[in-house]
Amino acid sequence: MLRHFALMALAMTVFYCAGPRTGDRTVDSQEVTTYQETWKAELAEAQDILEQLETLEGPGTVETVLEPLNDLLMIVITGVSSANLQANVHPDPAMRSAAEEAQQVFSNLNTDIGLSRPIYEAVAGLDVSGETADTRRFVELILRDYRRSGVDKDEETRERIRQLQEELVGISQEFGRNIREDVRSIQLAGTEDLDGLPQDYIDTHQPGEDGVITITTDYPEFYPYMTYAHSELRRKGLYQAFLQRAYPQNLDVLDRMMDRRYELANLLGYPTWADFVTEIQMIRTPQATQTFVDQLTEAARPALERDMALLLERLKQIDPQAASIGIWQRYYLPELISRETYDFDSQETRPYFAYDKVRDGLLTLTSRMFGVTYTRLEETAWHPSVEIYQLWSGDDLLGKFYLDMHPREGKFKHGGMFRIAPGVDARQLPQAAIVCNFPGGENDQPGFMGHNQVRTFFHEFGHLLQTLFSGHHRWISLSGIAEFDFVEVPSTIMEEWTWDLASLHTFATNADGEPIPEELVSRMQASRMFAYALWIQRQVALSAIALNFYNRDPLDVNTTTLLKEVQDRYNPYLYMDDTCLQCNFSHLSGYSALYYTYMWSMVIARDLFSEFEKGGLLNPEVAMRFRESVLEPGALKSGTELVRDFLGRDYSFKAFEVWLKGD
Ligand SMILES: [Zn+2]
């Protein structure tokens, strides 16, 4: 419920995808006015409930305390979440600003609830021993959050907490806005700088009237260029531009964010922000996080050394003087080796992954597996390209979702699942949106996707299904996931279907309707493990950076110096001068010290996936069991319990270690 609950909701929004096109929709000021009237009416309703709860007399009951609190949280969390989405996707800057204002106001109210002694005392005074498990769990989570909110502090301290919480919302918005609005670009010397790129990319990047070819840092331009362009010089230039986004403005924003979070953690009785945020995760402490990071580094080392040697050997064929691998080579060199050693060229799969086919394939596949159906709604959302669907299980409507899948100006640049409204049984239908930057859409047909983008789509859909399936409890706090480091488990598992031949054969066909060839999929699978350790080590380095920015007093931290130190220790690539990774590492805001979540979830996902491997990936029986024992319970159970229910035992690292060894 508390600020942290909202933080969690926001944090789930960031993941991989792709970027650019102009926002061509103009919005009249009436839309802004209507929006403001709507959220202000909801706010007024919430304030009424808050007042009613704070003035409650006599011993409370489930009906007089928990029900109104549930209503209150429903309005506040929906207010924060839907405003967060609009601030990130709306084509009109005036609407994005209005949404940021709403987000701030609802977040403030969320803080007020967390600091309300009368509500805390009313909940703490309830006897729920005779209530059902879901009610007892709701109270447990509410009291846990109250213990962490500062409700027991004196008035002066609570006022400072209130100020810090409010300021932090603004700081996070500023951090994200600076990244979203800073699109960088490089100019090519001529068409020869497009050598190596796919033909459709070359066709759409011919010189303009001024004779200039511009490549921007938006994903649909950036990633293909980094993967295929032969020009070392331009790739290096583009990567540098990519790592300069939001520089220098976010240096100061980040310092303020770290400083305020540290102060807040101290006021709440924790030595650092990392101690505060890890406490309620499966991992529990910053020390355990550090241990996990080091354990992964050890596990990945043999494969990493082997891969790095191969990359360097290949690079020396291009540049005999080469002594190390630069970060601008991290997509290009593995692609070269994959092509030469595994005979797999990632461009070969693109004709089979037209955007519409992938979307329809994903819907059909998940429909078969999870026993659900989808209905497309002919409504209009915030942009004409956004599609709206309903999710059904038999005659039960389980949720509504939006697909906002193609880039435009001012839109969120990454890929992510945004929760819009947490579901509450019989009260509020769960709603969510997938926001990505894939090729395709109205101006760009047919939008051939890379396999990595197909994976991203499946990944975000895993988040979506979990959000919609879990949103049917009586109490709002049970919708979602209890521990944030379990969040990436369903999404990581969903990616696996994009590697499976039988699954691919249900949708991946080229323009002539021919299915993706089996031998092509075999070559793709064979190349999968190559450079996997490199990717893991990169994730480990990002986890270590995020942890180390938050596990100490920020007074002692110069983020650039600390970043270099941590990079030197963990990153497989050398530090690149004149860059500012921390300025555009968007997770430093939403995930803060918890970037390790991806790897932690991956370890668990690998273990859970063994059930699908045994039972068959298209076996609806296993998928239904997964839906019922892992996706639907939401925060009713801890991650440990969800795993135990599905596997019949505790999770272990074994499956992941065996997987990483690759033999
Ligand atoms: Zn994710």
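For a chain of 663 residues, a compact globule would come out with a radius of gyration near 26 Å, and the protein chain has 25 Å, which agrees. That radius is taken over C-alpha atoms, and the globule rule is 2.2 Å times the number of residues to the power 0.38. The model here is a predicted one: local features need pLDDT of at least 70, side-chain atom pairs count only at pLDDT 80 or more, and totals for chains, interfaces and linings use all residues. Residue numbers start from 1 along each chain as its sequence is written.

Along the principal axes, the C-alpha atoms fill a box of roughly 80 × 55 × 55 Å. The protein chain holds 27 helices and seven strands, both being DSSP runs numbered from the N terminus (helices are H or I, at least four residues; strands are E, at least two). Of the 663 residues, 51% count as buried. Buried here means 20 or more other C-beta atoms within 10 Å of the residue's own, exposed means 12 or fewer, and partly exposed is in between, with C-beta atoms placed from the backbone.

Now for the helix pairs. Two packed helices are described by the angle between their axes and the distance between the axes. Helix α15 (residues 355-370) packs on helix α16 (residues 451-469) at an angle of about 40°, with the axes 11 Å apart. Axes are lines fitted to C-alpha atoms, for helices over the stretch in contact, and angles run from 0 to 180 degrees between N-to-C directions. The two helices α15 and α16 are therefore oblique to each other; angles under 35 degrees count as roughly parallel, over 145 as roughly antiparallel, 65 to 115 as roughly perpendicular and the rest as oblique. From α15, the contact takes in V358, L362, T366 and F370, and from α16 V454, F457, F458, F461 and L465. Contact means that the C-beta atoms of two residues, placed from the backbone, lie within 7 Å. By class, this α15 and α16 contact has eight nonpolar residues, one polar and no charged. Ala, Val, Leu, Ile, Met, Phe, Trp, Tyr, Cys and Pro count as nonpolar, Asp, Glu, Lys and Arg as charged, and the others, Gly among them, as polar.

The other pair is α25 (residues 620-631) with α26 (residues 639-647), packed at about 155° with axes 8 Å apart. That angle makes α25 roughly antiparallel to α26. On the α25 side R625, F626, S629 and V630 meet L642, D645 and F646 of α26, a contact of four nonpolar, one polar and two charged residues. Helix α26 also contains L647, which counts as partly exposed with 17 C-beta neighbours inside 10 Å. Leaving aside neighbours within four places in sequence, L647 touches D607, L608 and E611 by the contact criterion.

Finally, the backbone. Most residues other than glycine have a negative phi, and most peptide bonds are trans. The peptide bond from Y247 to P248 is cis, with omega near 5°, and P248 lies in the loop between α10 (232-242) and α11 (249-267). A246, in the loop between α10 and α11, has a positive phi of about 65° although it is not a glycine. With 25 C-beta neighbours inside 10 Å, A246 counts as buried. D343 is not a glycine either, yet has a positive phi of about 55°; D343 sits in the loop between α14 (332-341) and α15 and is partly exposed, with 13 other C-beta atoms within 10 Å.
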